Amino acid sequence: MSRLTTRVQTVSERLAKFFPARTITIRTRQESHEHFISPAFQAGLCVTSFALLLGICGTTAITLSLLPNDGENREIVSGVENAEGSDDILQLLATAEKLKDEADAAIELASLALEDNQRLAQELADLTRGEDSTNPETSGETERLLTSLETAVDKLREARVETEFFQESNAQLLREQEKNKVRTIRFVSRLANAVKLTADEVGVKIDALGLDSGALTNEIESLYSGIGGLSAVVDAPDTLTAEAPLFNIDTNDFATALHQLSINKLVHQSLPIGHPVKTSNRLSSAFGNRYHPVYGRNEHHSGVDFAAPRGTAIHVTGNGVVKYVGRLGAYGKTVIVKHAGDIETLYAHLSKINVERGQRVWRGDKIGDIGSTGVSTGPHLHYEVQIAGRAVNPMKFITAE
């Protein structure tokens with residue numbers, strides 16, 4: 001029994017190789033039907049069809065072999081006519097004619113079955129593709145939707161590429177911004193140090209003159225303290241306000257140093273620092289006790305004398321306001337300029353005056369020409385520097401330039 005079961009299983013496996021199991025699904029508009037075709041059924045169908053074909057072919061061959069040609073037919077008919085009572089031959093001929101008719105009918109049925117099978121196969125393919133596939137309008141709409149979908153996908157791909165490009169560009173900009181931040185921090189730090197050093201140097205020069213730098217600073221700050229403007233409110237983003245620090249850098253130290261440098265620079269410009277004669281000249285008399293060339297006696301010389309040709313330009317040595325213009329006894333034609341810190345400069349023996357009383361002058365402005373007015377032996381400039389009405393050595397201010 002087991003050997004028979006094994007034999008049957010082996011045959012089933014071989015049939016499954018040549019005739020795999022199939023499931024045919026036939027769908028209609030209302031419902032669908034599934035038909036399972038086993039390997040045995042397919043093999044049996046093939047054997048039955050082959051046997052039927054062999055039967056039809058064998059019957060046809062036998063019939064044709066039994067039917068003689070025209071000559072032979074005539075002989076057989078003649079023999080039949082001559083053979084009285086030959087019923088077996090007549091029966092055989094009748095049977096052959098019937099088989100021939102059945103063969104023709106079978107061939108016609110086979111042709112019709114083939115056409116039906118082809119039609120059913122086409123309908124099955126149409127049903128498998130779906131009932132809307134045979135609708136041209138629906139098929140066209142489907143094609144348009146697919147085309148639109150492909151276009152949208154292409155645009156999304158392009159947008160993704162552009163987004164990745166912009167992301168990379170943004171990352172590059174962020175890296176550049178970080179580098180700029182570092183460079184800016186270093187620059188601001190170095191600039192703050194440089195400004196502080198410059199402000200300190202100016203302060204050292206002011207202190208070297210023996211002046212009260214604090215009082216000078218307060219005076220200059222009050223003199224240059226103007227502020228104002230329209231009170232209109234301007235809307236601006238918070239990130240762009242003037243108070244917003246650059247790269248979050250603390251610029252307080254830099255601002256303090258810059259403010260101090262600005263004040264020290266104004267103080268420096270307001271002090272009589274530098275030479276009043278820019279062209280060729282000669283120091284003909286120094287500050288202090290000397291023998292007076294006109295009066296013939298020793299006395300204190302409260303300034304310095306610079307000899308130069310008549311008409312040589314005289315320049316104010318610091319920012320200030322003209323306090324006095326005119327003749328002043330032995331000084332002759334004289335100009336007095338008031339500077340910061342209760343400091344005044346006096347220019348005497350001028351041949352010509354180019355400024356007026358109350359006029360604001362700036363360091364380097366021409367105030368007159370060298371002459372020999374007043375008590376003088378020749379063209380020269382008598383130059384004095386006075387602090388709170390007391391004359392000091394002008395050379396200390398001249399060499400501080």
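Biologist: Why is the contact between Glu-344 and Lys-323 called a salt bridge?

Modeller: In this predicted model, the closest N and O atoms of Glu-344 and Lys-323 are 2.6 Å apart. The cut-off for a salt bridge is 4 Å between a Lys or Arg side-chain nitrogen and an Asp or Glu carboxyl oxygen, so the pair qualifies.

Biologist: How many salt bridges does a search of the whole structure find?

Modeller: The search finds 3 salt bridges. One of them joins the side chains of Glu-168 and Arg-175, with an N to O distance of 3.4 Å. That distance is within 4 Å, so this pair also meets the criterion. Glu-168, at 47% relative accessible area, is partly exposed, and Arg-175, at 40%, is partly exposed as well. A further salt bridge is formed by Asp-369 and Lys-366, whose closest N and O atoms are 3.1 Å apart.

Biologist: Why is the contact between the side chains of Asp-369 and Lys-366 also called a polar contact?

Modeller: The two side chains make this contact at 3.1 Å. Asp-369 belongs to strand 12 (residues 366-370). Its relative accessible area of 9% is under 20%, and therefore Asp-369 is buried. Lys-366, at 39%, is partly exposed.

Biologist: Which residues is Asp-369 in contact with, leaving aside neighbours within four places in sequence?

Modeller: They include Gly-311, Thr-312, Ala-313 and Ile-314, together with Leu-350, Ser-351, Lys-352 and Asn-354.

Biologist: What makes His-380 count as buried or exposed?

Modeller: The relative accessible area of His-380 is 10%. Buried means under 20%, so His-380 is buried. His-380 is placed in strand 13 (residues 380-387). Beyond four places in sequence, its contacts include Asp-305, Phe-306, His-349 and Ile-370. A polar atom of the His-380 side chain lies 2.8 Å from the backbone oxygen of Gly-378.

Biologist: Which residues touch the most other members of the largest nonpolar core?

Modeller: That core has 35 residues, and those touching the most other members are Leu-211, Leu-271, Val-335, Tyr-347, Leu-381 and Tyr-383. Among the residues touched by Tyr-383, beyond four places in sequence, are Pro-272, Val-304, Phe-306, Leu-346, Tyr-347 and Ile-398. Apart from this core lies another, of 7 residues, among them Ala-192, Val-195, Phe-254 and Ala-257. In soluble globular proteins, nonpolar side chains tend to be buried together.

Biologist: What makes the nonpolar surface patch, and how exposed is Leu-223?

Modeller: Leu-223, Tyr-224 and Trp-362 make a patch of about 310 Å². Leu-223 is in helix 6 (residues 213-223) and has a relative accessible area of 49%. Patch residues need over 30%, so Leu-223 passes that cut-off. Exposed requires over 50%, so Leu-223 counts as partly exposed.

Biologist: How many helices and strands does the protein chain have, and what percentage of its residues count as buried?

Modeller: The secondary structure comes to 8 helices and 14 strands. Of the 401 residues, 24% count as buried. Among contacts between residues at least 6 apart in sequence, 63% join residues at least 24 apart. The chain exposes about 27700 Å², of which carbon and sulfur atoms supply 56%.

Terms used. Residues numbered from 1 in each chain as written. Predicted model: local features only at pLDDT ≥ 70, side-chain atom pairs only at ≥ 80, totals over all residues. Heavy atoms only, no water. Buried < 20%, exposed > 50% of the residue type's maximum accessible area, 1.4 Å probe, protein only. Core = buried A, V, L, I, M, F, W, Y, C linked by side-chain atoms within 4.5 Å. Contact = heavy atoms within 4.5 Å. Helix = DSSP H or I, 4+ residues; strand = E, 2+ residues; numbered from the N terminus. Polar contact = N/O pair within 3.5 Å; in protein donor to acceptor, adjacent residues only side chain to side chain. Patch = residues over 30% accessible without salt bridge, like charges linked within 9 Å, V, L, I, M, F, W, Y side chains within 5 Å. Areas by Shrake-Rupley, 256 points an atom, 1.4 Å probe, with all protein chains shown as cover.
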